[in-house]
Amino acid sequence: MIFRFLPFLGAIMLLPFLFGAASFSAAADVPPEYRGLYAYLDAQLAAAEVRLGLSSPQGAAGLTGTVFTAELHAASGNLGEQLLDPGQARVVSLHLDGIQAMGFKGIGLCLQYPMLLQGFPRWNEYRVFYRNVAEMARARGLLVSVEIGLFPADPAFSQVRWSYAGLDLESLGEGLREMNAWVLKEMKPGYLSCLDDPETALKNLGLPGRPEILLPVLRTALGGLDKGETRLGSGTGAWIDPVYLEELSLMPEIDVINVHVFPAGGDFLTERLDNATALAAGRGKGVICGRAWLYKAGRNEMKKTSLSPGIVARDVYSFWTPLDLRFFRIMAGQSRRNSFEYCNFLWTPYLFGQLYYTAENAALTPLELFNRVNREAWRRMLLGLNTELGAGMKSMLEEPAD
């Protein structure tokens, strides 16, 4: 299964668009066409809650030890040259303020190779932008975590068109190492993780084979760096064959194992995370959750192929809120249970703006839905408003520790 980052907060407009937008206090009923999927996800979450002893409303209270962070989509590398627009610094500042006000203690940043290296269009301007973003976050006392990957091939997931045709793995490792070295020196993140989605990386490179063929790339990319106090990592999704994590855990270059959590089915929310933590601890590594969000896919839609934009677009609707809040609480409980160093929640614009499911919205393409919900999220951030989903997240983050 391939997960990548949509260009959230892209093409934002300072206009009060109200295209069936979800308010802070209301949530739409589940539409008939989604009731079967909703019931399936509800059952999967319930099974995880029982296994983890989180069936009570306060089952995940006491969040000591884990830093909870939010993806800073306003600074995603997939926005490309939009990041260099004169007004984007204001968008980033607004997003940072909203994240901090909600109670998050850090941010996740998605950068893509080779955007910070000479030869990439406007590479030096991207360096200035990301240096400033890191400074803005640290000035607010927020932890900065950086994940470096590859530009998605699917135009639905990135505004940047970049071909990796002809790039050999040795050159990729050397290029990533150069980019990592700059990030460590100039951005000084608390965490720097590299190629955390090996399935996507192989797809974008146009290479067949198993994720293990990327291990030599990681050794080059992370080896011999002057990391200072930054903790280096790499990882994969909880749905990937755990053999890959075993190989990663043997690498001396890695301080932490990075696990992404999206699907709710099977043991992805329970035993897979417990096993990853036990594996890491046995090898002297920490564990981080670099990406987490409930993936709205049914059993028959779980395929190890490119993610459908149509499935991702389901997230824009507010009727998912009760399930998403339960997923948040499960991840909070697992973070506490497995001593995650940090847990990063992915689709943070939905904490500020969502849409109701209407006939008008249902007729839109995924990209039209993304643009519509982005405008709504921006509008509500300007007003200092959260969605019901955001209010629930804020309440969870404010719960006192044990």
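Helices (H or I, at least four residues) and strands (E, at least two) are DSSP runs, numbered from the N terminus. The structure is a predicted model, in which local features need pLDDT of at least 70 and side-chain atom pairs count only at pLDDT 80 or more, while totals for chains, interfaces and linings use all residues. Residues are numbered from 1 along each chain as its sequence is written, and side-chain values use heavy atoms, with hydrogens and water left out.

**Figure 1. Overview of the chain.** The chain contains 13 helices and eight strands. Of its 402 residues, 59% are buried (under 20% relative accessible area; exposed means over 50% and partly exposed in between, with a 1.4 Å probe and protein chains only). Contact denotes heavy atoms within 4.5 Å. Among contacts between residues at least 6 apart in sequence, 83% join residues at least 24 apart.

**Figure 2. Packing of helix α1 against helix α10.** Two packed helices are described by the angle between their axes and the distance between the axes. Axes are lines fitted to C-alpha atoms, for helices over the stretch in contact, and angles run from 0 to 180 degrees between N-to-C directions. Helix α1 (residues 35-52) packs on helix α10 (residues 321-337) at about 25°, the axes being 10 Å apart. The angle therefore makes α1 roughly parallel to α10 (under 35 degrees; over 145 counts as roughly antiparallel, 65 to 115 as roughly perpendicular and the rest as oblique). The crossing of α1 and α10 is left-handed, a term for a near helix turned anticlockwise from the far one by less than a right angle, with right-handed used if clockwise. From α1, Tyr 38, Leu 41, Asp 42, Leu 45, Ala 46, Ala 48, Glu 49 and Leu 52 meet Pro 322, Leu 323, Arg 326, Phe 327, Ile 330, Gln 334 and Arg 337 of α10. By class, this contact of α1 with α10 has 10 nonpolar, one polar and four charged residues (Ala, Val, Leu, Ile, Met, Phe, Trp, Tyr, Cys and Pro count as nonpolar, Asp, Glu, Lys and Arg as charged, and the others, Gly among them, as polar).

**Figure 3. Packing of helix α2 against helix α3.** The axes of α2 (residues 88-102) and α3 (residues 123-139) come within 11 Å and cross at roughly 30°. Because of this angle, α2 is roughly parallel to α3. The crossing of α2 past α3 is right-handed. Gln 88, Ala 89, Val 92, Ser 93 and Leu 96 of α2 meet Phe 129, Val 133, Met 136 and Ala 137 of α3. In this contact of α2 with α3 there are seven nonpolar, two polar and no charged residues.

**Figure 4. Surroundings of Gln 112.** Gln 112 belongs to strand β2 (residues 106-113) and is buried, its relative accessible area being 0%. A polar atom of the Gln 112 side chain lies 3.5 Å from the backbone nitrogen of Gly 149. The backbone nitrogen of Leu 150 lies 3.3 Å from a polar atom of the side chain of Gln 112.

**Figure 5. The loop position of Gly 298.** Gly 298 lies in the loop between β7 (286-292) and α9 (309-312). At 12% relative accessibility, Gly 298 counts as buried. Its C-alpha atom is separated by 8.8 Å from that of Tyr 38, 260 residues apart along the chain. Not counting residues up to four places away in sequence, Gly 298 touches Leu 37 and Tyr 40.

**Figure 6. The loop position of Tyr 356.** Tyr 356 is placed in the loop between β8 (342-345) and α11 (359-362). Tyr 356 counts as partly exposed, at 22% relative accessibility. The C-alpha atoms of Tyr 356 and Ser 318 are separated by 5.7 Å, although these residues are 38 apart along the chain.

Technical notes
A polar contact is a pair of N or O atoms within 3.5 Å; within protein, one must be able to donate a hydrogen and the other to accept it, and residues adjacent in sequence count only if both atoms are side-chain atoms.
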